[in-house]
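Open the model in your viewer and keep the selection panel at hand. The stops below are ordered so that each selection leads into the next.

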Amino acid sequence: MTNLSLVTTFFLIGLPHPPSLDTILFGIFLVIYVLTVLGNLLILLVIRVDFHLHTPMYYFLINLSFIDMWFSTVTVPKMLMTLASPEGRAISFHSCVAQLYFFHFLGSTECFLYTVMSYDRYLAISYPLRYTTMMSGRTCALLATGTWISGSLHSAAQTTLTFRLPYCGPNQIQHYFCDAPPILKLACADTSAIEMVIFVNIGVVASSCFFLIVLSYVSIVCSILRIRTSEGRHRAFQTCASHCIVVICFFVPCVFIYLRPGSRDAVDGVVAVFYTVLTPLLNPAVYTLRNKEVKKALLKLKDKVVVLQNE
């Protein structure tokens, strides 16, 4: 990566809000972050200890929980620092590069993973008898590895394109974390070509993933309608509903921020909260409260803990 920059430190402006709300917002986001980490850790633990959950669906859910835990960690602690004190707004150039890389790495990996999870649901509902053969342990590992590698390559392209430009003047980022659109506004060079490349890059990834997810669910709905029993149809719809909820909450804000003409810093910052803060919290809530198998596993884990305490 060519670094022609004179700027050594950026300053994050943070979320647009009155200073009097600093303490309240700090408390709210701290609670959300703690619940996000604990919720996703709980899912990892439950799936790990309950062999009934050692299936392809929960294998991918483990990956999703791991991503969400770190996706939130990339942005929220720094946001809390900006709310805690003015000194917390400073971020070094190299830390900004790292934050941008890991943000897009985890975010794009999650995007690819949602696509794989929709394909998994399609096979489970459309080909129930051949499902275990088609989604073998090796296939699951290859699909999961592919999402991580694809996310890494996509993020490397985003980060390289963003920071190959010179940054020699303004250093105030109109956001609460380092992201490409607000950073490019500070570059001391023409950014139109790189902005277009980044737009196309994100657009191709997001639109391709979303198209494949929609295609999978159209096929799933067709398969569900062919199920003869109402109980079977209800179970199939319930299995897919959780995934649909988190996909919508993830993709809609991303499309709004990255794939619309023009940009409003204040609006982008607020909308970004949905997929950087709320979606990682929503995933464990949706997949536990709406999932009977996970709830049963949680009760078993609770009983084991009680037995150990009584011994």
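The model is predicted: local features need pLDDT of at least 70 and side-chain atom pairs count only at pLDDT 80 or more, while totals for chains, interfaces and linings use all residues. Residues are numbered from 1 along each chain as its sequence is written, and side-chain values use heavy atoms, with hydrogens and water left out.

**Stop 1: the largest cavity**

Select G107, S108, I202, C254 and Y258, which lie nearest the centre of the largest cavity among its 17 lining residues. A cavity here is a set of points on a 1 Å grid, over the protein atoms alone, where a 1.4 Å probe fits but cannot get out; lining residues have an atom within 4 Å of a point. The search of the whole structure finds three cavities of 30 Å³ or more, and the largest holds about 230 Å³. Volume is the space filled by probe spheres set on the points, with grid points joined across faces, edges and corners.

Now colour α3 (93–126), α7 (192–225) and α8 (230–258), the elements that give two or more residues to the lining of the largest cavity. Helices (H or I, at least four residues) and strands (E, at least two) are DSSP runs numbered from the N terminus. Which classes make up this lining? It has 13 nonpolar, four polar and no charged residues. Ala, Val, Leu, Ile, Met, Phe, Trp, Tyr, Cys and Pro count as nonpolar, Asp, Glu, Lys and Arg as charged, and the others, Gly among them, as polar.

**Stop 2: the nonpolar core**

Select F10, F29, Y114, F163, Y167 and Y275, which touch the most other members of the 89-residue largest nonpolar core. The largest share of this core, 17 residues, comes from α3. Such a core is a set of buried Ala, Val, Leu, Ile, Met, Phe, Trp, Tyr and Cys residues joined through side-chain atoms within 4.5 Å. Buried means under 20% relative accessible area, exposed over 50%, and partly exposed in between (1.4 Å probe, protein chains only).

**Stop 3: aromatic pairs**

The count of aromatic pairs is 21. Rings of Phe, Tyr and Trp (its six-membered ring) pair if their centres lie within 6.5 Å; planes under 30 degrees apart are stacked, over 60 edge-to-face, and the rest tilted.

Keep F10 and Y167 selected: they form an edge-to-face pair, 6.0 Å centre to centre with 85° between the planes. F10 is in strand β1 (residues 9–12) and Y167 in the loop between α5 (137–163) and β3 (172–173), 157 residues apart. F10 counts as buried because its relative accessibility is 0%, and Y167 is buried at 0% as well.

Next take F103 and Y275, a tilted pair at 6.1 Å centre to centre and 45° between the planes. F103 lies in helix α3 and Y275 in helix α9 (residues 265–289), so the pair ties together parts 172 residues apart in sequence. Both F103 and Y275 are buried.

**Stop 4: single residues**

C111 is in helix α3 and is buried at 6% relative accessibility. Leaving aside neighbours within four places in sequence, C111 is in contact (heavy atoms within 4.5 Å) with V205, A206, C209, F250 and F251.

Finish on S216 in helix α7, buried with a relative accessible area of 10%. Not counting residues up to four places away in sequence, S216 touches S118, Y119 and Y122.

Methods. 1 Å grid on protein atoms, 1.4 Å probe; cavity = no way out; pocket = protein on both sides within 12 Å on 5 of 7 lines; lining within 4 Å.
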